[in-house]
Amino acid sequence: MEKFFKLKENGTTVSREIVAGVTTFFAMVYIIFVNPQMLAQTGMPQGAVFLATIIASAVGTLVMGLFANVPYAQAPGMGLNALFTFTVCFGLGFSWQQALAMVFICGIINILITVTKVRKSIIKSIPVSLQHAIGGGIGLFIAYIGVKNMGLIQFTSDPGKHIITDTDTVIADASAVPAMVSLNTAAVILAVIGLVITVILMVLNVKGAILIGIAATTIIGIPMGVVDVTSIGTTSGIGESFAQLGTTFGAAFGKEGIQSLFSDPAKIPLVLITIFTFSLSDTFDTIGTFIGTGRRSGIFSEEDEKALETNTGFKSKMDKALFADAIATSVGAIFGTSNTTTYVESAAGIAAGGRTGLTSVVTAVLFILSMFLAPVVGIVPTQATAGALVVVGIMMASSFKDVKWGELEEAIPAFFAAVFMAFLYSISYGIAFGFIFYCIVKCVRGKAKEIHPIMWGAAILFVINFVVLALI
């Protein structure tokens, strides 16, 4: 194990990697419950999506750990599953089988751009200041997810805006502003307790602080009535889920899938644009996660920086990690789920000390076990992992110190890249606005020649993407 994962070389131990793997798993396990609920709205069997989510997550994460030897976990992406459900199926009228076919094609495209080094070239083209901003921005994004999962945020109507009806009845405008909830519910109080516990453990440098915080919060939640332990030991429905898996497995290739996807010539442009949208979001979510977490932790070392210059062969962990991520999406589509991507919650395991693929292997094994132990895994409330995400966000925000905020030329694109990740709840959208404003600022300063062609291309593609989404 030491020789395979190079634990000493990476300054870690077996126990630390196990703790990190468990931490990552519990930070992202919500997806095995949320993803089926989301995709089931398209008509997909919920039990089948439950298993497809676990299988795709386990396979993708295992490839990441065993092939790339990096501590990242994969699963169907939040946001990408919403795009699958509400835009592709509901908005554009494609069947879920056709949507799966498009996801599979997206995965193949991602494999091709990885093998041909397009993904690495994109990373190489991003200015260092923007890379630091992306790292800090992911910290804000993770922290926002944590605060949201804590239940501390509520959206209320803007008191300054009202609509007057014909009967002079005053109705609050649909415009909403964020506000803090009252700390009067057991769930919110538990989340605050969990955050305090995790912060104290981190400040005291307790080993496994994040995992201990998750476990302690879960235990405290039992007498508070937030954690339901009555479901432990019940594993009914697994057989039915396996039976349903036959419906989604390979559906992407059937008559209602890829065979019908290009049957209508009039719809082909829309199909291609939709595949492009899937691919763009998936690619930049992954790149943002790798840049944001890998640079600060040292997971991607100098060899990876040098590999970006050569663009030849799978000579570094970055090469292999990008390839592993690309494979996962196609695997997920075959079993029956939306785009599989590298999870930003992997940062929780990295913060707990994970530095090698052993962390990912542990996470993958837990995903497989969760297939049969879903009730046990399910008792860990979101309030228990929310505090961990906030703390991870705090640590990642340190990347902001390397941004020259006193120079508008760096500060403006850095601000949009970082803050818009949290405001728009999307890594790829944050990167999009960062790229676009980087090009604008450079042009205004008369430094257009300093803009890398790939930055130009990516910014233009993002603009086209926004226009297309606005039209459809």
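**Figure 1. Secondary structure and overall packing of the protein chain.** The protein chain holds 22 helices and 6 strands; helices (H or I, at least four residues) and strands (E, at least two) are DSSP runs numbered from the N terminus. This is a predicted model, in which local features need pLDDT of at least 70 and side-chain atom pairs count only at pLDDT 80 or more, whereas totals for chains, interfaces and linings use all residues. Residues are numbered from 1 along each chain as its sequence is written, and side-chain values use heavy atoms, with hydrogens and water left out. Of the 472 residues, 53% count as buried (buried means under 20% relative accessible area, exposed over 50%, and partly exposed in between, with a 1.4 Å probe and protein chains only). Among contacts between residues at least 6 apart in sequence, 78% join residues at least 24 apart, a contact being heavy atoms within 4.5 Å.

Figure 2. The volume of the largest pocket is about 840 Å³. On a 1 Å grid over the protein atoms alone, a pocket is an open set of points where a 1.4 Å probe fits, with protein on both sides within 12 Å along at least five of seven lines, and lining residues have an atom within 4 Å of a point. Grid points are joined across faces, edges and corners, and a volume is the space filled by probe spheres set on the points. The lining comprises 41 residues, and G77, M78, G79, L80 and Y425 lie nearest the pocket centre. Elements that each supply at least two lining residues include α2, α3 (31-39), α8 (128-150), α13 (268-297), β6 (340-342), α19 (382-396) and α21 (427-444). The largest share, 6 residues, comes from α5. By class, 22 lining residues are nonpolar, 16 polar and 3 charged; Ala, Val, Leu, Ile, Met, Phe, Trp, Tyr, Cys and Pro count as nonpolar, Asp, Glu, Lys and Arg as charged, and the others, Gly among them, as polar.

**Figure 3. G79 in the loop between β1 and α5.** G79 is located in the loop that runs between β1 (74-76) and α5, and is among the residues nearest the centre of the largest pocket. With a relative accessible area of 43%, G79 is partly exposed. G79 and D282 are 203 residues apart in sequence, yet their C-alpha atoms are 9.9 Å apart in space.

Figure 4. K6 is not a glycine, but its phi is positive, near 55 degrees. Its relative accessible area of 41% makes K6 partly exposed, while T12 is buried at 6%. The side chains of T12 and E17 are joined by a polar contact of 2.8 Å (a pair of N or O atoms within 3.5 Å; within protein, one must be able to donate a hydrogen and the other to accept it, and residues adjacent in sequence count only if both atoms are side-chain atoms). Beyond its neighbours within four places in sequence, T12 is in contact with L7, E17, G353, R355 and T356.

Figure 5. G194 is situated in helix α9 and is buried, with 1% relative accessibility. The C-alpha atoms of G194 and T385 are separated by 8.2 Å, although the two residues are 191 apart along the chain. N205 lies in the loop between α9 (186-203) and α10 (209-221). At 68% relative accessibility, N205 is exposed, and this non-glycine residue has a positive phi of about 55 degrees.

Figure 6. Q97 belongs to helix α6 (residues 96-115) and is buried at 11% relative accessibility. Neighbours within four places in sequence aside, Q97 is in contact with A251, A252, E256 and G257. I334 belongs to helix α15 (residues 317-335) and is partly exposed at 24% relative accessibility. Not counting residues up to four places away in sequence, I334 touches F104, T248, F249, G250 and F253. A separation of 8.7 Å is found between the C-alpha atoms of I334 and A52, which are 282 residues apart along the chain.
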